[in-house]
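Visitor: Could you take me through this structure one step at a time, beginning with the ligand?

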Amino acid sequence: MRCFLAIELPPAARAELEKLQRSLRVLDRQIRWTRPGQIHLTLSFLGEVPDAEVPAICRAVADAAGGLPAFDLRLEGTGCFPPRGPVRVIWAGVRGDLPALHHCQRTCLAVLESCGYPPEDRPYHPHLTIGRVRPGHGGPDVRTALEPVAGFTGRSFPVGELVLFQSLLNPQGPHYLPLVRARLGPRASQEAL
Ligand code: 2AM
């Protein structure tokens, strides 16, 4: 199954992103908006994982999470991928305790590597994909439309767990299914769903 490790957003942060998407309605024809309930902060994309290996990965992630502190983040800023040329993705950024986020992400990468899943060969840019450009619609007007929301900012929220997701690719778009939640902090426990 196709898997990735991520941080889920609390409902208030999802609501902030939904409001941001609504303020960008001028782009409705060009962008497929991510459903707010599906928006997440990816730490690592594992790709295809054989079913038999999932329990060991869940255990390794839960162990790693137990050694990491909880931390706070907030949504802030917007941007596009790639940084120049035709736009493919519109994202919201995060601020707050970024050193803790990067430490958490690096620790997870090391743990996943020890399970046989080496990291992707590109730097980590924490982001929340709020929309994907429909083919052929990523012209400079997309970047222009984002200018008024450059100052987008949300309220601080606690990050207390990591979630291993299965990504199901459907014709209507991807669906993300939580496989395991691993609490950050010394009393980490694993809750199989
Ligand atoms: P994205 O939102 O920037 O596309 C599930 O696909 C999650 O894993 C998404 O958050 C996606 O990031 C992320 N991801 C990272 N690398 C990926 C890859 N090579 N293929 C698909 N998704 C990837």
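**The ligand and its surroundings**

Visitor: How far is an oxygen atom of the ligand from an N or O atom in the side chain of arginine 132?
Guide: Such a pair is a polar contact if its N or O atoms lie within 3.5 Å. For the ligand oxygen and the side-chain atom of arginine 132, the distance is 3.1 Å.

Visitor: What kind of model is this?
Guide: Residues are numbered from 1 along each chain as its sequence is written, and side-chain values use heavy atoms, with hydrogens and water left out. Local features need pLDDT of at least 70, side-chain atom pairs count only at pLDDT 80 or more, and totals for chains, interfaces and linings use all residues, for this is a predicted model.

Visitor: How much of the area of the ligand does the protein bury?
Guide: Glutamate 120 has a polar side-chain atom 3.0 Å from a ligand nitrogen, and threonine 42 has one 2.6 Å from a ligand oxygen. Taken alone, the ligand exposes 460 Å², an area found by the Shrake-Rupley method with a 1.4 Å probe. The part buried by the protein is 76%.

Visitor: Which strand gives the most to the shell around the ligand?
Guide: Residues surrounding the ligand, those with a heavy atom within 4 Å of it, include Arg2, Phe4, His40 and His127. At least two shell residues come from each of β1, β3 and β6, where a strand is a DSSP run of E with at least two residues. With three residues, the largest share comes from β3.

**Rings and a cis bond**

Visitor: How are the rings of phenylalanine 4 and phenylalanine 165 arranged?
Guide: Three aromatic pairs are found in the whole structure, a pair having ring centres within 6.5 Å. Here the centres are 5.3 Å apart and the planes meet at 20 degrees, which is under the limit of 30 degrees, so the pair is stacked.

Visitor: Where is proline 82?
Guide: Phenylalanine 81 and proline 82 are joined by a cis peptide bond, with omega about -15 degrees. Most peptide bonds are trans. Proline 82 lies in the loop between β4 and β5.

Definitions and conventions. Polar contact = N/O pair within 3.5 Å; in protein donor to acceptor, adjacent residues only side chain to side chain. Helix = DSSP H or I, 4+ residues; strand = E, 2+ residues; numbered from the N terminus. Phe/Tyr/Trp six-rings, centres within 6.5 Å; stacked < 30°, edge-to-face > 60°.
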